[in-house]
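Please look over the sequence and the model shown here before reading the notes.

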Amino acid sequence: MIHVEGLSFSYGSAPVLEDLSLRLPAGGSLAVIGPSGCGKTTLLYNLAGLLNPGAGRVLVGGGEVRGPRERTAVILQHYGLFPWKTVYENAALGLRIRGVPADARRRRVEDILEELGIAGLQTRYPGQLSGGQRQRVAIARALAQDPDLLIMDEPFSSLDALTREAHQNLLLSLWREKGVTLVLVSHSVDEAAFLGREILVLSEGPARIRCVLSNPGMGSEEYRRHADYQRVCTELRDLLKGAGDEARV
């Protein structure tokens, strides 16, 4: 699904990404973790076509990414909701931009809002919602586009611990049910271990790949209780502290 070859990127004369190469199969899940400011979000923007590589290339679904792609959905850290639009209007925005007829748009969005448990909030505005509810609206807007690639930048960082865990469970369920390919940036070792079947560990900026950690046990809510989950969390902490090696695991 994703094939990155020798990706490098700079902001002016300041290099941010250096010679990154990776692959992710369709339906896979990749968590990206690394030190603050190392270039994680810049990597996501290159995958989404919001930035163009300075060197190398990014392919998604077999085609080179040269701009925003129709079936790639992006959820930003602070949700990107328009405060003057209702829940329904925010969730339907992508379909409206694409010219989907109003009746089809309404059916699609109402079904997704129902699935996410926020159907009763359609006429509210973002300022009238909790953080968890705003996050669900952002997810609804993304899913309404029927994406095959979902890219998320620290999606749950502003939520309290219990709400964050509930939304991690929700995302895991959606990933299993819809078969979407998932890429997310996280600062949380626990979250990366819970949601990433592959975990990409980046170095200090300019970012290089330190390790791609395989995490085949993820995929159920009970995984948090497994010894393998604790082992992966420990390995990630060691890698982020510089105690691990840089070999591909």
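## Basis

This is a predicted model, in which local features need pLDDT of at least 70, side-chain atom pairs count only at pLDDT 80 or more, and totals for chains, interfaces and linings use all residues. Residues are numbered from 1 along each chain as its sequence is written, and side-chain values use heavy atoms, with hydrogens and water left out.

## Asn46

Asn46 sits in helix α1, residues 40-48; helices are DSSP runs of H or I with at least four residues, numbered from the N terminus. Asn46 is buried, at a relative accessible area of 1% (buried means under 20%, with a 1.4 Å probe and protein chains only).

Beyond its neighbours within four places in sequence, Asn46 is in contact with residues including Leu7, Phe9, Pro53 and Val65. Contact means heavy atoms within 4.5 Å.

## Helices α2 and α3

Helix α2 (residues 87-97) packs against helix α3 (residues 102-115) at an angle of about 125°, with the axes 10 Å apart. Axes are lines fitted to C-alpha atoms over the stretch in contact, and angles run from 0 to 180 degrees between N-to-C directions. That angle makes α2 oblique to α3; angles under 35 degrees count as roughly parallel, over 145 as roughly antiparallel, 65 to 115 as roughly perpendicular and the rest as oblique.

## Helices α2 and α4

Helix α4 spans residues 131-144 and packs with α2 at about 30°, their axes 7 Å apart. The two helices are therefore roughly parallel to each other. Val87, Asn90, Ala91, Leu93 and Leu95 of α2 meet Val137, Ala140, Arg141 and Ala144 of α4.

Technical notes. Buried < 20%, exposed > 50% of the residue type's maximum accessible area, 1.4 Å probe, protein only.
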